[in-house]
Amino acid sequence: MASFYIKTDLAVAGPFTGIEIREASLAGIIRPNTYLSHSGEGPWVAAAGAGLFCEKGNAMPHPAGTQVPTFQTRGMPGAFMGPFKLRELIGFACQGMLPPGTELQSDPSRPWVSISGTGILPACLRGDLVRLDDSGKLVLRTVIPSDLAARREQLKTLISPIERARQIQVAGATAAPLDEVLNRTGVTSQIDAQAKSDDAAVPRDAPDTDDDSAESARADRRNEAFGFGAMSVTSTQSSSKEERRRQRGPGMVSRFWSVTHERIGRYIRPQIAAAILLVLGCVIGLPVGYTAYKRMPLPRQQIVGNWVGVVNEARSGKPTFGIAFRENGSCVLMNATGQSWSGDFTWTKRADDRKGFRPTEEVVIRYDSAESYHAEGIVEPSDGHLKLGGFVKSSPLLDGHPVRDLYVRRDGDRLRVGYPVSAQWVDGERKLFAAWAEATAAPTLTLDIASQLREIPDESPEQEEIEVGAISIGRAIEVAMQGREFDYKGRKAFVNGCFAFSKQVDAGTLLERFGAPVVARSVQEFEKPLTFGGPSWEGASLLRYEGIEFVVNPAGRIVFLAIRSSDR
């Protein structure tokens, strides 16, 4: 496994694994101007040229297929928590939120290990990569300043995260892992079973049948969260509880209801009392019910359909993207310019964002950067979440931005689609933020696409279109229906297609009038008719609608169309 070293302001830190280096860049500890090497002696290369950052300077995710572990933690303030990504733990360590005795576990079958030793987390705690000033602000050591002498003096006034972490007091006990509790419970059950088998050989009087005998076998789970295992409740304890309950008499709610019913009945008719109770139930129940309704997760069926991006007049007068979700789990992402994609999606069950780590200070972790034309906003508990699949190298594009998973929100005939950009802990509660793109339901087709495009009047071709033999889109459809012969590698090939052009119809127009296609993907190498003498198909996308296919160049202009039978 390859090892990496980081050149800091006054020293060299490492070695680290490739996963640790990329997680540190996603956590914001490694910047594009940080220097890396496979050796502590160099040569040194800037992280921007090592494949960790895109051209915009944003940290890039792990390559497809990379197994990135997550960790459960114990020893942090609060109860047993996790799982956390390594980038989140790096953020906690740099803020001094991981006490020195914290333990990690990557899998329930593996033992708990301390964070001390080698690796990226101990380096963050020691202050090899970051330091903290008096106000708690991070000072990165992974970016070499111009004045090293001033930095050396500055470091004398800063503290390492581990010095701050030692000040954190663990409140309460950390819960034992579930497998350890089950092991202890299993051992206790075996001992009880052996004791019962020994007692069976001793003759006894017939026991009295009592309801308490069934309750004596139950377990008290109160101490399980503190690591002591299950504790049995004896029959004597159970009987005493029942006796005290009978001595106390009716509960508070029962006594209140009896007194209220007796006194109100003297002055108010039963019908009026029932109406008052109904109004009180509505006043109290409706807000509670509405809050529960707002937190209900979005059902998968709500996003199934064909959606077209809302027109942004500041960018163009036409939709810039379209998206389609189908019942069989397939998905289409079409972009008016650039590459389009077809694959599948998996609907996931979201965890409750309120649970987990509750820091006492505000923590922000940045995953991605939002495009300027996408509104950044909070992810609500009722928003759905899905993961895209079926791609190998480059991620699909949503309105020009690479995405791997999406949050979705339905509001009437509008669908908001967002990609995660950051997470924030405020007052001990975790909040997710996403960059949102808005779409509306695609129009319903009344005529087939070919019939509608045949009505477009002829357009005058440019010199480039004359040279490649492209025809105006209206006549091109008629020619494609009749079929043409192409000279393909010295042989005649008959194809129901034609090179076409149009100044009125482009990929944005197709989205606006017909919605997202059945298939939208990059043109494969074997599909490029380079010997036909037509325009170049480099970077082109194939858009397949019902009965007709289009090939559009990266700028969204139509360069080829073909008529297909309905059974294809």
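Guide: Four strands make an open sheet, in the order 2-1-3-4, with antiparallel pairing. Strand 2 (12–16) and strand 4 (45–46) stand at its edges, each with a single partner strand, so one side of each has no neighbour in the sheet. Two terms need their cut-offs. Strands are DSSP runs of E with at least two residues, helices are runs of H or I with at least four, and both are numbered from the N terminus. Two strands pair if DSSP finds at least two bridges between them.

A word on the model. It is predicted, so local features need pLDDT of at least 70 and side-chain atom pairs count only at pLDDT 80 or more, while totals for chains, interfaces and linings use all residues. Residues are numbered from 1 along each chain as its sequence is written, and side-chain values use heavy atoms, with hydrogens and water left out.

Back to the sheet. Strand 1 (residues 4–7) pairs with strand 2 in the antiparallel sense, over three bridges. Take Lys7: its bridge partner in strand 2 is Val12. Strand 2 also holds Pro15. The peptide bond from Gly14 to Pro15 is cis, with omega near 5°. A cis bond also joins Gly42 and Pro43, where omega is about 0°. Pro43 sits in the loop between strand 3 (35–37) and strand 4. As a general rule, most peptide bonds are trans, and most residues other than glycine have a negative phi.

Now move on to helix 1. Seven of the nine residues of helix 1 (residues 18–26) are buried, so the rest of the structure largely encloses this helix. Buried means under 20% relative accessible area, exposed means over 50%, and partly exposed is in between (1.4 Å probe, protein chains only). The buried residues are Glu20, Ile21, Arg22, Glu23, Ala24, Ser25 and Leu26. Just after helix 1, Gly28 takes a positive phi of about 90°.

What do these elements contribute to? A nonpolar core is a set of buried Ala, Val, Leu, Ile, Met, Phe, Trp, Tyr and Cys residues joined through side-chain atoms within 4.5 Å. The largest such core has 44 residues, and Ile29, Ile90, Phe92, Ile120, Leu121 and Leu129 touch the most other members. Strand 2 and helix 1 are among the elements that give two or more residues to this core; others include strand 6 (81–85), helix 3 (120–126) and strand 24 (429–441). Helix 2 gives the most, with six residues.

Look at Leu121. Leaving out residues up to four places away in sequence, Leu121 touches Leu86, Leu89, Ile90, Ala93, Leu104 and Ile115. Touching here is contact: heavy atoms within 4.5 Å. Apart from this core lies another, of 32 residues, among them Ala442, Leu453, Ile471 and Ile477.

Step back to the whole protein. It has 14 helices and 32 strands. Of its 568 residues, 37% count as buried. Of the contacts with a separation of 6 or more, 61% come from residues 24 or more positions apart.

One last stop is Asp399. This residue lies in the loop between strand 20 (397–398) and strand 21 (401–402). Asp399 is not a glycine, yet has a positive phi of about 55°. Its relative accessible area is 5%, so Asp399 counts as buried.
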